[in-house]
Structure formats: structure tokens, C-alpha cells
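Dear colleague,

I am passing this structure on to you, and I would be grateful if you could read the notes below with it open beside you.

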Amino acid sequence: GDGCGHTVLGPESGTLASINYPQTSPNSTVCEWEIRVKPGQRVQLKFGDFDIDDSDSCHSSYLRVHNGIGPTRTEIGKYCGFGFQMDGLITSKSNEITVQFMSGIHTAGRGFLAAYSTTDKSDLITCLDNASHFSEPEFNKYCPAGCVIPFADVSGTIPHGYRDSSSLCMAGVHAGVVSNTLGGQINVVISKGIPYYEGSLANNVTSKVGPLSTSLFTFKTSGCYGTLGMESGVIPDSQVTASSILEWSDQTGQVNIWKPENARLKRVGPPWAAFISDEHQWLQIDLNKEKRITGIITTGSTLAEYYYYVSAYRILYSDDAQKWTAYREPGMDKDKIFQGNTELHQEVRNNFIPPIIARFFRINPLKWHQKIAMKVELLGCQFSIGRAPKITVPPPPQNKNDDKSDDFSDDFIHSVKTSLQTDKTTFTPEIKNTTVTPSVTKDVALAAVLVPVLVMVFTTLILILVCAWHWRNRKKKTEGTYDLPYWDRAGWWKGMKQFLPSKSAEHEETPVRYSSSEISHLRPREVPTMLQTESAEYAQPLVGGIVGTLHQRSTFKPEEGKEASYADLDPYNSPIQEVYHAYAEPLPITGPEYATPIIMDMSSHPSTPLGVPSISTFKAAGNQAPPLVGTYNKLLSRTDSTSSAQALYDTPKGQPGPGAADELVYQVPQSMAHSAGSKDE
């Protein structure tokens, strides 16, 4: 009738609308749709929008649904009303249904839009449903055929996502997950929106640029949409051929050859162009082995001075490059014509549903602008599903019906081959990286394992070196600012030896001890010699006086040069020493806590009170012998020169017992103190 609007009737689903929808339908029009699905199945009908004038109680304007087709059909229901809401589905009793639309005299009413499918599609939606109609973050729905409609909008593209106001089914066609001719299942995922949605042309659907939205949606797919090697160069030049090549000379005399290997998407430079522009030209790509081809992307010449592009083409494929098959959608008896480019720069994508399984791929341009010129890229993945074993048919018996038997065998083999090819496309493909050739997939897998391991090893080595360097710097900082220079660290080991275990005691310095009985048997000259068994490391301080108690070491280093004479030792007349060591040497850990006191002989000074003995009030360290140096005799002779050959010490106060030999305190001989006092008198 004259009241039919947008209509696509597929074998399992479809879409139908009244004329001029969504605008007001014209007066006095009628349309009738007869829908038939496979035997044994039933039909379900769902309305996306219903707005029919009901001013005459559905007498002249209405929608009527019937079970069956023809004179034997029976009515299911008659519907009218403005903004009529029908939540449920209208279901037929058989595999056939008739929908009749009548429009009388009216002033308002958009008409209707409805979708149908077989009853096994329980999640059927219409072409008008969008993501904002569903609250679930992820859901599955069935889109009917025919959802590429001019009155629905789509904003966005893959893989970034589509704006939530976009038609779900129309976006599914644009994304290549469902066919406009067949419909299909979609798996939708809702996520947070983005500020800007790009536009593109794909599968005869133009996606518009969209503004910011609160949410967006994407589709879950098998993942078989990788590039097959035209842009990357995995497909070598020798495997890209063409029916003819455009070759010409420009005004400067330079020869330009637009070879077929130039037909690589996003490559800078000229494209492939045919020498003759007619419907017999083709561009052929050899994939080296069978691949699962799910789509194609094309552009024009991409050169502003050469406004060439292909606006429509068909696809042929083959396994041997001899017998070619034109691509058709299931259930169709005509070759599918794909929409090409509308200008020379924009990329246009077309998907194959179901995918093509082939090695050789051919593009046959049918319409073009000025000249046939294009760049392409194929989408898909490796076809890794094992082929079924080859079917062998036993030879028929030799009889008069040989010709009929041969025909039967050929038909049987052809039917088996067709069924195997159909089965191959029903399995979910194994997703692999489609940007490399099959010959290097093993190397890529090995590299994928080795590269992270090597990176971890090198990272560990670098961390070890950094830690070692940091520890070394910290060690240097802990040595202190006033530490000894490296040339004066000779005594460091001697200080550290005292922290070693007792087994190494034989290497330590052993103090020399003398009992009073041993000293009494020695002659006066032998006393200093015996006391110098272990010489002091440093000289005594260059000052006058008697040292009553001598410790192991002095805190002053001896002055180099000539030995100081008696006159030089006068604390008042002694000249200022010209050379001194820059730093005082550290005290040993085993030595006394304080430096050895310097005791000056004040008895010979005129201001000293008479009779004051020159006796040290400190006692020597108990575990170390007083170290004496060569100037010891000179210091002793300063007390008085009357009896230098006599013993300088008497017996210690009190006879020590057998176990009291650790510490001996000596006092100045009384005879020397008295003689000094009498002399002053």
C-alpha cells in the first residue's frame, strides 16, 4: 500500500514503520506487511513507538495484527491511541503474521515503529532504544534487522565508545557487531562518559560528533579486529597486485607510477590507481595463508591535488586465486555492494558479518570519483581452528548411470564443503596478534617472555650498584670531620686489636711489671735500662720537673730534632718550640681515661716553699708498665746531682703480699727530699 514506511524484513527479525514516521502520517493511507519465519517457529512483535489518532474509536485509523497470511488469517488485536504504551509482546500462533495499518482523516499522530523476531529472542529491543533506557551496567539484548534508520542518531565510534543517547542497535551496526540485514545479539557495557565523541562513517552509518555526557557504552566482541599487515608492512609488496597501474608524466617530466604496493593505509605518498577506470579493475592482496577477515578500511588518494576515491565496491575472495567468490550476506541472492568513500581523506570502515575465511582477497571498484584510486587495510585475525579431515567418496560402480553418479558425488562433496565452511565461522576464534606473520609468532612469544626477565635482571643490578654506592657514601660521612688523615691512621689497628677475642692476646702489648725484690738487686744504671724494656711510643713532654708517676703514653708527639738539654727544660727560660705536631694523638682505648699529668719540679724555684716534696698524687695504671724513653735519665738527674748513681726509689710502702703485685705505688726517696731541703737552707 501507499502507507508503508521504513521496512526491512529479515529471515529471523525485522523492522517496520508507518509512512513519514516520525512525522505526522498522511491521511487516507494503508499498508500491510506479511511476515514469515522458518516453519516450527513463532513470531513476536514489539512496538517502539505508537501514536495513532483515536478520535473515532479506531474506526478509520488503527493498527491490526493477524495470525497467518491470506484469507485464513485470524485477528489477534486492533490498536489505536495517542502515545499508546504496550509493554508486552504480541505473539503469533504460527510462523506467519500479518500487520495492517490504516490512516483515516486526522490532524495528528506520528504512526508507529515496531520490531519483530522469532520467539526464541526473548530480549528483543527496537531500533529506538538507547542506553539510558537500561539501568544495568552490563546487559545483553537482541537487535532486529533494519535498524539503520535516518531518524535515529549515533555519536561516537569504536574503541572509545558511544554517547548514551545513541541508538543501541544502530551503534551496533556502526561498530560492526551486528548486521543491518540480519540483526543480532549485542553485549553492552556502560561506563563513565567522555567530554567529546568523534564522528565517522562505518557500515553505511554516519556517526556524528557528540558533546559531553554522563555515561557511554561499548560492545563486547570476540576481539578479531586487528590489522592484518597492509599498513605495518607485514604483507610484502610482492603480495599486493592489481589489474592495472596508473603511470604518467607530470609537467616537469617526472614519471609517476602509482603502484599497487602504494595502497597501504596511512602511508605518506600516492595511492594505488588503475590505468583504466572501469568496473573490471581490481586490487588483490595475498595473505600468505587463510585468515579470518572481519572488515576493511579504505581512503581515497589522500592527495589534495588529486581528488580521486572509490565510492562503492564489492568483495571477492579465493583460496587459490583461480576460483573467486563474491561476498553475499546470508539469505541474499545478490552480491553485497559496500559503501566506499565520500571524499579523499576520510577513513571508511565496512565489516563482514559473517567473516570471510580466505587467503586471497580482491576489491572490485564499482563507483569512483574521477579515477579509481585507494588505500586499504584489512581487519581480522589468524584462522587457527583446525580444518576438518578431507571427505573422500568411494568411486561409484561402473554402469550406465556414470554421469548421474558423478553429478551426485560432486553435489555431495560441494554440500559437505559448504557445511564445513559454515561451521568454521560459528566458533569463537582464538584471538592472537594479527599484526605479525604466522612465521614469527613463536619468536614473538619467546621475546615476550625474555624481555621482561632481562629488564628485571638489569633493574636488580642497577639497584645493587646504587645501594652499594649509597652505603659507601654513608660510611664516609660517619668517619667524622676531625678524623685522622689517611697517612696518620697507623695506630688504628692497634686500637682495634683490643676488641678482638682473647685468643689473640699474644699479639697485644704486654705491660712490663717489676717487683721490689727485682729492683733492689739492680744497679742504679740498670734501673732505667730495665724500665725501658718496652719503649714508649712518644717522647716525654719537653717541660721541666719530676714525673713521679709515669703512664704508658703521652698525649704529645715528640719534637723532631736535637734532644733538649737541661737548660732547655726550664719552663721559664725555655724558648718557644718552633715545630709542633698539628694534632694530638688519640688515647688508646685500654689506657687511662685522662692524659698523663705533667708534674713540674717546683722545689728548685725560688718561690717554692721549703721542704715541699716533689711527689705525684696520681698512681700509675695498674695493668700497664710506665713507658720510659731516652730522656728519662735527664729528668731524674734534675732532682739533685749529688748522688745520681744511687737508687732513686726505696721500697714501696708496706711489703705487698704474694697477690698484691698488680699495682705498686712508689714515693720519692726521703734522702733526696731531705738533702734538697738542707741545701736550700
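Is D286 buried or exposed, going by its relative accessible area? D286 is buried, with a relative accessible area of 13%, where buried means under 20%, exposed means over 50% and partly exposed lies in between (1.4 Å probe, protein chains only).

Before going further, please keep in mind that this is a predicted model, in which local features need pLDDT of at least 70 and side-chain atom pairs count only at pLDDT 80 or more, while totals for chains, interfaces and linings use all residues. Residues are numbered from 1 along each chain as its sequence is written, and side-chain values use heavy atoms, with hydrogens and water left out.

Salt bridges

Because R359 lies in strand β26 and D286 in strand β22, the pair ties together parts that are 73 residues apart in sequence; strands here are DSSP runs of E with at least two residues, and helices are runs of H or I with at least four, numbered from the N terminus. R359 itself is partly exposed, at 26% relative accessibility.

A search of the whole structure finds 14 salt bridges. One of them joins the side chains of D49 and R110 at 3.0 Å, N to O, and it links distant parts of the chain, since D49 is in strand β4 while R110 is in the loop between β8 (96-103) and β9 (111-118), 61 residues apart. D49 is buried, with a relative accessible area of 14%, whereas R110 counts as partly exposed at 32%. There is also a salt bridge between the side chains of R328 and D335 (2.7 Å, N to O), and E12, D120 and K121 are linked in a network of salt bridges.

The sheet around β4

Within β7, T91 is the bridge partner of Q44. Both strands belong to an open sheet of 5 strands with antiparallel pairing, in the order β1-β2-β9-β4-β7. β1 (4-9) and β7 (90-91) stand at its edges with a single partner strand each, so one side of each is left without a neighbour in the sheet.

Helix α1 (residues 168-175) has 8 of its 8 residues buried, so it is largely enclosed by the rest of the structure. Just after α1, G176 takes a positive phi of about 90°.

Helix α3

L450 is found in helix α3 (residues 441-478) and, at 42% relative accessibility, counts as partly exposed.

With best regards

Notes
Two strands pair if DSSP finds at least two bridges between them. A salt bridge is a side-chain nitrogen of Lys or Arg within 4 Å of a carboxyl oxygen of Asp or Glu.
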